[in-house]
Structures are given as structure tokens and as C-alpha cells.
Amino acid sequence: MSIVQFENVTRTYTSGDHELKALDQVSFSLDEGKFVVILGPSGAGKSTLLNLLGGLDSPTEGKITVNGRDISTLSDNELADYRAATVGFVFQFYNLIPTLTVYENVELVSMITKNALDAKQMIAEVGLSDHLHNFPSELSGGEQQRISIARALAKNPKILLCDEPTGALDSETGVMILKLLLGMARDYGKTIVIVTHNQSIAKMADVVIRVKNGKIRSINEQENPLNADEVEW
Ligand SMILES: Nc1ncnc2c1ncn2[C@@H]1O[C@H](COP(=O)(O)OP(=O)(O)OP(=O)(O)O)[C@@H](O)[C@H]1O
């Protein structure tokens with residue numbers, strides 16, 4: 001069943017009398033529970049696409065439907081509700097709050113959503129129960145990224161949006177993070193959308209979307225994606 005639908009979506013940026021179409025008439029749909037990789041060179045429009053899907057921005061034209069709801073015309077307050085209820089974010093540089101402990105960083109989510117899952121349970125899910133009371137600076141990069149995934153999962157989102165989630169990690173640690181994300185799709189039916197420059201990660205995707213100059217160049221479904229263990233870069 002399709003959980004995401006973009007129909008002729010355009011996002012135009014205007015500066016002075018110059019207009020730039022960061023996304024230009026983009027249409028695609030994604031099925032629930034899939035592991036999706038969006039590939040494309042710098043400036044292709046990947047972050048713009050992820051921001052629109054995450055309700056951090058609205059399209060200039062076109063329609064975006066997520067989980068049966070048209071999110072293209074929501075007010076700022078409605079978008080905040082949509083973000084809290086439907087999507088989780090994982091970023092390249094983790095975005096943890098340095099003055100809060102691991103537990104507090106994840107528990108924070110319960111302040112923005114009614115359906116938050118138990119913070120300790122989510123930290124256990126990413127294998128870091130021994131670090132509940134550590135501060136982010138006391139953890140390795142891979143551990144910090146696992147905490148940011150625990151925080152995203154604590155919102156119990158249907159969709160996890162990841163912008164270069166392994167971009168700051170070595171290959172071995174990156175594979176561990178990808179394994180964790182893949183497990184979220186396979187075991188919990190989450191839809192995982194990863195934006196990356198890294199062609200190797202695309203080998204483990206159910207669906208690969210290639211973007212260039214604001215347009216979709218191709219959408220490929222892969223029947224037999226690789227396991228995370230088989231990927232390296
Ligand atoms: N806020 C903005 N104002 C003006 N132009 C923007 C803005 N955000 C993005 N753009 C432009 O839109 C285009 C697409 O940018 P986007 O960040 O989506 O690309 P990207 O594929 O994510 O690139 P990267 O891989 O380098 O992050 C680029 O030409 C960029 O300069």
C-alpha cells in the first residue's frame with residue numbers, strides 16, 4: 001500500500017528576479033515498509049525532497065499525500081502536528097543536545113508527541129542501555145547516531161527520514177547503522193527513506209530513486225537487495 005505520494009511537486013526558490021526550481025514536477029509513490037534510497041549529486045534536490053516529505057517545507061506547486069493526508073496545504077501548526085505524529089528524522093551530525101544525557105535526549109520526545117514510546121526501551125533497542133546517563137560527547141560517533149535513531153523511533157513514526165545518516169562514520173560503523181535501519185523496515189514495518197551520495201548504500205535498497213537537476217531520473221525496484229553486511233565503501 002502506498003504511504004507517500006508526490007504528484008507534480010515543484011519547489012521554486014526566488015532570489016531577486018532569479019528563480020530556481022530545486023524540484024521540478026516530481027511524481028512518485030512509496031509503499032509502506034520499504035527501505036528507500038534517494039541518490040543524486042550535490043544540488044540535485046535531495047534535501048529539498050526530504051524536507052517536503054518531512055513537513056519542514058511546503059511545495060510551490062503540486063500535491064504531497066502521506067498516510068492518506070494531503071500535507072501540501074497545511075498551516076505551520078498543522079505541519080508541526082504532522083511532524084510530531086508521522087515522521088522521525090536522523091541527520092548526518094546526530095543533532096543531539098550536548099547538555100542532556102542520552103536518556104534525556106530520547107525522553108525529550110514525549111514532550112512533543114502524545115504517542116511517544118518508552119525512552120529506555122528505545123535505547124535498549126539500539127543496544128545502548130549501558131549509556132543511559134552518559135552525555136553525547138562521551139559516546140563515539142556511531143553510538144551518537146544510534147541514540148539519534150532511538151530518539152527518532154521514540155516518536156513511533158511511520159516514516160523515518162535520514163539525511164546522510166552514515167556520512168560522518170567509517171564504513172564498519174556505517175554498516176552497523178544501516179543494519180539497524182534495515183531492521184526497522186523489516187521487523188517493524190517502518191518506511192525508511194535515506195538520502196545519500198553513497199552509491200554502495202543503494203545496493204541494499206528495495207527502491208532506488210535517482211534525482212538530478214530537480215527531476216527524477218529513474219526509480220528502480222530491486223528484487224534482491226543486499227544485506228547490510230554485504231555492503232562496504
Ligand atoms: N533555501 C534555499 N534558498 C535558495 N536556494 C536553495 C535553498 N535550498 C536549496 N536551494 C537550492 O536548491 C537546489 C537543490 O538543493 P538541495 O539542498 O535540495 O540539494 P541536495 O541534492 O540535497 O544537495 P547536497 O547533496 O549538496 O546536500 C540547489 O541548487 C540549492 O542551491
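User: Which residues in H6 do the residues of H5 meet?

Analyst: This is a predicted model. The H5 side of the contact consists of Gly 141, Gly 142, Gln 145, Arg 146, Ile 149 and Leu 153. By class, the contact of H5 with H6 has six nonpolar, four polar and one charged residues. In H6, the residues met are Thr 173, Met 176, Ile 177, Leu 180 and Met 184.

User: Are H5 and H6 roughly parallel or roughly antiparallel to each other?

Analyst: Helix H5 covers residues 141-154 and helix H6 covers residues 171-188. They pack at an angle of about 15°, with their axes 9 Å apart. Angles under 35 degrees count as roughly parallel. H5 and H6 are therefore roughly parallel.

User: What is the handedness of the crossing of H5 and H6?

Analyst: Two packed helices are described by the angle between their axes and the distance between the axes. Handedness is a further point, and the crossing of H5 and H6 is right-handed.

User: Which element gives the most to the shell around the ligand?

Analyst: The residues surrounding the ligand include Tyr 13, Leu 20, Ala 22, Lys 46, Ser 47 and Thr 48. Strand S2 (18-31) and helix H1 (46-53) each supply at least two residues of this shell. With three residues, the element that gives the most is H1.

User: How many residues of the shell around the ligand are charged?

Analyst: The shell has four nonpolar and six polar residues. Among the residues around the ligand are Gly 40, Ser 42, Gly 43, Ala 44, Gly 45 and Lys 46. The number of charged residues in the shell is one.

Key:
Residues numbered from 1 in each chain as written. Predicted model: local features only at pLDDT ≥ 70, side-chain atom pairs only at ≥ 80, totals over all residues. Axes fitted to C-alpha atoms, helices over the stretch in contact; angles between N-to-C directions. Helix = DSSP H or I, 4+ residues; strand = E, 2+ residues; numbered from the N terminus. Parallel < 35°, antiparallel > 145°, perpendicular 65-115°, else oblique. Left-handed = near helix turned anticlockwise from the far one by under 90°. Contact = placed C-beta atoms within 7 Å. Nonpolar A, V, L, I, M, F, W, Y, C, P; charged D, E, K, R; others polar. Near = placed C-beta within 6 Å.
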